[in-house]
There are 4 protein chains.
Amino acid sequence: MNKTQYSVILSNVGSCSDRFLTEGYDRPYALSELFERVAQIPQVTGVELVGTWHVTESNVKELKEYLERYGLQLVSIIPDHFGQMKWKYGSFAAKDRAVRQQAVAHAKEMIDAAVELGGDLISLWPGQDGYDYLFQADYIQERDWFAEGVKEVCRYRPDVRVSLEYKPKEPRTHCYLSTAANALLITQEVGTDNVGVTIDFGHALNAYETPAESVALLKKHGNKLFHVHMNDNFRHWDDDMIVGSVHTIESLEFFYWLKRTAYSGWLSIDQYPYREDGLEAVHEGVRAMEAFGHVVDSLPAEKVERLIREGRSPETAAFLRECLLRV
Amino acid sequence: MNKTQYSVILSNVGSCSDRFLTEGYDRPYALSELFERVAQIPQVTGVELVGTWHVTESNVKELKEYLERYGLQLVSIIPDHFGQMKWKYGSFAAKDRAVRQQAVAHAKEMIDAAVELGGDLISLWPGQDGYDYLFQADYIQERDWFAEGVKEVCRYRPDVRVSLEYKPKEPRTHCYLSTAANALLITQEVGTDNVGVTIDFGHALNAYETPAESVALLKKHGNKLFHVHMNDNFRHWDDDMIVGSVHTIESLEFFYWLKRTAYSGWLSIDQYPYREDGLEAVHEGVRAMEAFGHVVDSLPAEKVERLIREGRSPETAAFLRECLLRV
Amino acid sequence: MNKTQYSVILSNVGSCSDRFLTEGYDRPYALSELFERVAQIPQVTGVELVGTWHVTESNVKELKEYLERYGLQLVSIIPDHFGQMKWKYGSFAAKDRAVRQQAVAHAKEMIDAAVELGGDLISLWPGQDGYDYLFQADYIQERDWFAEGVKEVCRYRPDVRVSLEYKPKEPRTHCYLSTAANALLITQEVGTDNVGVTIDFGHALNAYETPAESVALLKKHGNKLFHVHMNDNFRHWDDDMIVGSVHTIESLEFFYWLKRTAYSGWLSIDQYPYREDGLEAVHEGVRAMEAFGHVVDSLPAEKVERLIREGRSPETAAFLRECLLRV
Amino acid sequence: MNKTQYSVILSNVGSCSDRFLTEGYDRPYALSELFERVAQIPQVTGVELVGTWHVTESNVKELKEYLERYGLQLVSIIPDHFGQMKWKYGSFAAKDRAVRQQAVAHAKEMIDAAVELGGDLISLWPGQDGYDYLFQADYIQERDWFAEGVKEVCRYRPDVRVSLEYKPKEPRTHCYLSTAANALLITQEVGTDNVGVTIDFGHALNAYETPAESVALLKKHGNKLFHVHMNDNFRHWDDDMIVGSVHTIESLEFFYWLKRTAYSGWLSIDQYPYREDGLEAVHEGVRAMEAFGHVVDSLPAEKVERLIREGRSPETAAFLRECLLRV
């Protein structure tokens, strides 16, 4: 993985909040400052921007200047389908038709903005689409709306790829775009070439997926892995921790399968540095991605392939032990 | 749901084991005794049989006699792809080609047996197909084998339906046929009309699915709900408890959506009565299914539909409270 | 449970945020408005106030007026050990000695405020005490600090009870005050009569506790159940949903054990109405608590005691089915 | 950790079953064979035996011969409180008084056997003590019985240590001896010097404990860590996998804290090699324990202590990355 390109979601180098400390664990950072901080990480050559948080109707020109000034590429825009009061009952699958239309319209605007900023990818994370309570949703109708909205977005510009980021829960107790397999079902309903899937490593763990298997599943069903968000967690919740800080072997296997399936997209940090300095945490996250890439490149490919083919776990465990613990 | 047909997996009225008490929590029951016990539950008019455990090459005639004697219908056969040493590394997705062939061959035999016994459904639960360890499996290759094997089974007799029962884990730490969405992806690969999906209520909970939503998902994607296994658990594991003993509202919503989507198949008990008398536990499980059906039938349909359409959770919670607690 | 007293955490009738929608799912509510809204729920006769959010150094007189105007009793103050940047590395167990001292000082101030407002209970929820990462904490030292700080708070005024609210995770990935048993260990270290434990129904579910068993555990070990927070969730996370909206039988059993152990404290709503009107959601939550109380009172006590004594699950399941589904 | 002593539960080198393949994933192994296999692992100098499975009233002499022949030390006996039909409703906490007495009597017999075989430790795992269903248990009464029974066992021979192995679930859906903190509460009720706690690494993960923190908790509350069982899993269930095969950093931190708290007991393998050769799997598990011990010994202690003291996660993550990935 020599030509790996690393990026970061811009807000990751700033401050973040939770429901108890709504004003943030750190002081607010201005947009310019966030760019300036990203630019301090030499390995990072691209950024992802979030609708509303970073991209507004009026600041595209300003963003362009930042990208140029710091030599950063626009990797994707994540339209805001989660961060405003109007999405509280959903976006593409909202019960209110007007909201569903706004969801599509906003995504199109963000596509336009992405193109203007030199990008060719948007990453949809419609986290408010789903439900909290039992007997609260018409699962068929709302899933239909969801697919229709995404389809309209995908048809808007065939030259821009639309990548669907799945996550089983949060902010809803149950999200429609919940797992890799669910995301694939939706790409099939959409049916266009420019629709694909974003794996967020932590979301895959939350869904009890083995992240490497999720890579394989998306490869198998139409080569649909379009984008990757990296972080880590303790499996039960999207803790958005520093890459590799919990799951050493899962991370290694994930990078192995990215290489094995010839993934050629970006590797993008998606961490929430509640109590860390965001810049330090992202920098370490990127170093961890580099390290996993290096280790994967240094593995004896033939032997690993044989281990996978034979599946004898004591031998595999011994191999990984020697690799990681050197004894 | 007036014409609901209730059935039971034959072994459920007998004894069961776990890894600590391998000889069973109760004395063994002879085949004839199991039938005789099922016949004591008036609501039950069908049985599911398990390959090896109940159906062998030589006892089909004997089984036919039992079915006739007790006036029971054969609902399905669950081929044995999990209960013999030869499946320990998998069945349809086993690394050993000979084992994969045996998996297909056994399924065909069970199809023949089912037809001979008057049935038209087999329920595949290839629980050994998956992996335990990281770096242990070629996820693409093995999933390909899995779909190929199932396809061959489905093509064997187009007049017999083949229903795939998904479950995220156990006996493997990760099973390939893991979720409703994953099962749908496989039915698409198979591509025949006679392939569908079995929802086991408890397996859906294990996958953090809302069981009613799983019903909807299968309806939406090709009307693929072929069969239902009922039980309950504490979400984290397939505890196989008595129907309705933990999840009152999820069960109610599940039965509501079975009716709403016009499910017309069997409702089959799949409990593991470790410390209960199996007959008593199944009888209570069936009564619980009847009760949920009755409550669903007594609900004011227009109001429930409005609640679902509007999704206002305090009102919905109030409705359910009055329904269940009568105050 | 005839004399049950219902209360609510004041912010529950207002708006709330999450990390994606930091400005809130609803408009902000003024303090006066929150009181005015609580007063609209006739069953509620008490409120819990949160430090910083509701109680400041300068507004105790104002709060007193509100309490009097609306005829509400102060049930407890929850000191703010979670909602300001200074607690981001912990409060009682913070690595910084000055912060630990501030945690104690703030708790004492809140005790004084509580007394001034006619209260005799504070409910500590030191949610920031714990750790996120592995190798990040000296578990012994920090637990020692934690117990020392709480002890100093408890000794400040023996006539004010100090109740410890446990929760396994959030906002830290791992909190020190994690389970009922852990809380009991800390009450033992503190060793005063005025220290006890708050059960938050949802936190108990998060810890894979059976809430009724947690009531029993605290009864058994020194009659230490001092306070109750009610809500519901889907087990894996503190979703803070409307009481009874998910777990019907667990809630019923919880209320049964509250009565069985002669719990005489308040039953307080602790919900997060992200997408609901807070007032409606709390009102329904209180109605649900009343309903569970009524059902418990109407249960045939002798029969329930016999069921518990004998533990025959099919019979118990049948009893609960008839109770809830009436068939 | 130079003088670490490694042991294994004897059955681990043989075959094991689950509820689907009750006759075992491998052929049965005779007692003599199991000893002979353990003896092939040079690092292993001790064995744990299980009541009924390995130790009967009549074979103590035979066992003594095996121990001598193979130069193995008896590390502990795990009395059988889980593997016979008579324990199906519990052992120390069973509702039937006669069963409770048998539980105590069996433990005493196993103490006698242990002493005769040169041991001074029994490890109690009363996995059947708990409940499956809601409203099924008198949590106070049964916990009282549990503590009384254990106390009687502990008083039998003060020179033999009695170590309590906790586990949140399986075989019951809820076990009384569920967590480290719960185990400590019971040791306090027992009140003797010879009662302590066994940490099973995987059980701690199941309880959402950080295993290193569990070591610390037991150190802090009376130096009560008496014994260690090692394995690994995917957090949600007791998968009993090869040591270190999933959780690299948790395992490393666990060994670090064993050293830091001067744990001087045995490190004993407790794996279930469903599809592996038991001997190979145990051998690899032991090598992994050695490797973690070596890495811990090679860590710069001052730096690690500073990292723990300061808790700055990006720096800690960088340190662990360099340690494990060498880049």
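Let me start with Val246(D), which counts as buried because its relative accessibility is 0%, where buried means under 20% relative accessible area with a 1.4 Å probe, protein chains only. This is a predicted model, in which local features need pLDDT of at least 70, side-chain atom pairs count only at pLDDT 80 or more, and totals for chains, interfaces and linings use all residues. Residues are numbered from 1 along each chain as its sequence is written, chains are lettered from A in the order in which they are written, and side-chain values use heavy atoms, with hydrogens and water left out.

Val246(D) lies in the loop between β9 (225-230) and α8 (248-260) of chain D, helices being DSSP runs of H or I with at least four residues and strands runs of E with at least two, numbered from the N terminus. Leaving aside residues up to four places away in sequence, Val246(D) touches Arg235(A), Ile249(A) and Glu250(A), together with Asp232(D), Asn233(D), Phe234(D) and Met241(D), contact meaning heavy atoms within 4.5 Å.

Turning to chains C and B, 32 residues of chain C are in contact with 32 residues of chain B. The area buried between them is about 3,000 Å², with 62% given by carbon and sulfur atoms; buried area is the accessible area (1.4 Å probe) that two parts lose on being put together, summed over both. In chain C, the residues that lose the most area to chain B are Pro314(C), Arg321(C) and Leu325(C), together 18% of what that side buries.

Conventions: Buried means under 20% relative accessible area, exposed over 50%, partly exposed in between (1.4 Å probe, protein chains only).
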